[in-house]
Amino acid sequence: MKFLVQRVTEASVTVENETVGNIGRGFLVLIGIEDGDNEALADRMVKKLTDLRIFEDEEGKTNLNIESVEGELLLISQFTLYADCRKGNRPSFVKAGKPEMANALYEYIISKAKERVKVVERGVFGAEMKVRLLNDGPFTVMLDSKELF
């Protein structure tokens with residue numbers, strides 16, 4: 001499982017010219033799920049995400065997590081995080097989770113995030129989406145379960 005976390009001052013996602021998710025200060029998170037990922041791993045990833053201290057405190061040090069700044073989350077499913085570009089010029093996506101399993105786990109991640117963060121917005125699984133963000137910093141972090149746990 002991969003979470004590409006971008007600290008933002010604002011972000012939104014649009015599907016067919018309709019805004020389906022919109023946040024202010026917080027994290028835009030692109031979520032990649034692969035076959036073999038499960039709810040126990042999702043629990044650990046959501047905890048890591050919400051405990052991640054990359055907001056500045058009063059001294060300008062990245063010391064605060066999303067809950068302590070009352071930040072918001074925009075969670076977007078992104079199977080292309082599992083693109084394999086080693087052979088040729090066209091990426092392979094064979095490592096990405098099968099849609100039915102990945103969607104169920106994406107929904108689970110959203111529900112667990114809502115237990116920890118007041119405002120959780122989302123994209124639409126499998127849809128063609130347009131994502132806008134104002135990256136704050138810029139500050140972007142990759143949380144990869146294979147490297148974390």
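I began with a definition: a residue is buried when its relative accessible area is under 20%, exposed when over 50%, and partly exposed in between, using a 1.4 Å probe and protein chains only.

**Ground rules**

I am working with a predicted model, where local features need pLDDT of at least 70, side-chain atom pairs count only at pLDDT 80 or more, and totals for chains, interfaces and linings use all residues. Residues are numbered from 1 along each chain as its sequence is written, and side-chain values use heavy atoms, with hydrogens and water left out.

I looked up S145 and found it in helix α3, residues 145-148. Is S145 buried or exposed? At 6% relative accessibility, S145 counts as buried. I then checked its contacts (heavy atoms within 4.5 Å). Apart from neighbours within four places in sequence, S145 touches M1, L41 and M45.

**Entry: the whole chain**

I listed three helices and eight strands. Helices here are DSSP runs of H or I with at least four residues, strands are runs of E with at least two, and both are numbered from the N terminus. Read from the N terminus, the order is β-β-β-α-β-β-β-α-β-β-α.

I compared the radius of gyration with the globule rule, which is 2.2 Å times the number of residues to the power 0.38, taken over C-alpha atoms. For 149 residues a compact globule would come out near 15 Å, and the chain has 15 Å, so the two agree. Along the principal axes, the C-alpha atoms fill a box of roughly 45 × 40 × 30 Å.

Of the 149 residues, 43% count as buried. Among contacts between residues at least 6 apart in sequence, 73% join residues at least 24 apart.

I also noted the charges, counting Lys and Arg as positive and Asp and Glu as negative, without His or the chain ends. There are 21 positive and 25 negative side chains, and the centres of the two sets lie 5 Å apart. Each charge is placed at NZ of Lys, CZ of Arg, CG of Asp or CD of Glu.

**Entry: the cores**

A nonpolar core means a set of buried Ala, Val, Leu, Ile, Met, Phe, Trp, Tyr and Cys residues joined through side-chain atoms within 4.5 Å. Which residues have the most contacts inside the largest core? They are F3, F27, V29, L73, L75 and I109, in a core of 30 residues. Two or more residues come from each of β1 (2-15), β3 (26-32), α1 (39-51), β6 (72-77), α2 (99-114) and β8 (130-144). The largest share, seven residues, is from α2.

Beyond neighbours within four places in sequence, its contacts include F27, V29, L49, A113 and E121. There is also a second, separate core of 12 residues, with L4, L28, L30 and M129 among them.

Most residues other than glycine have a negative phi, and most peptide bonds are trans.

- E16 is not a glycine, yet its phi is positive at about 50°. E16 sits in the loop between β1 and β2 (18-23) and is exposed at 74% relative accessibility.
- E70 also has a positive phi, near 50°. Its place is the loop between β5 (62-64) and β6, and E70 is exposed with a relative accessible area of 65%.
- The peptide bond from G137 to P138 is cis, with omega near -5°. I found P138 in strand β8.
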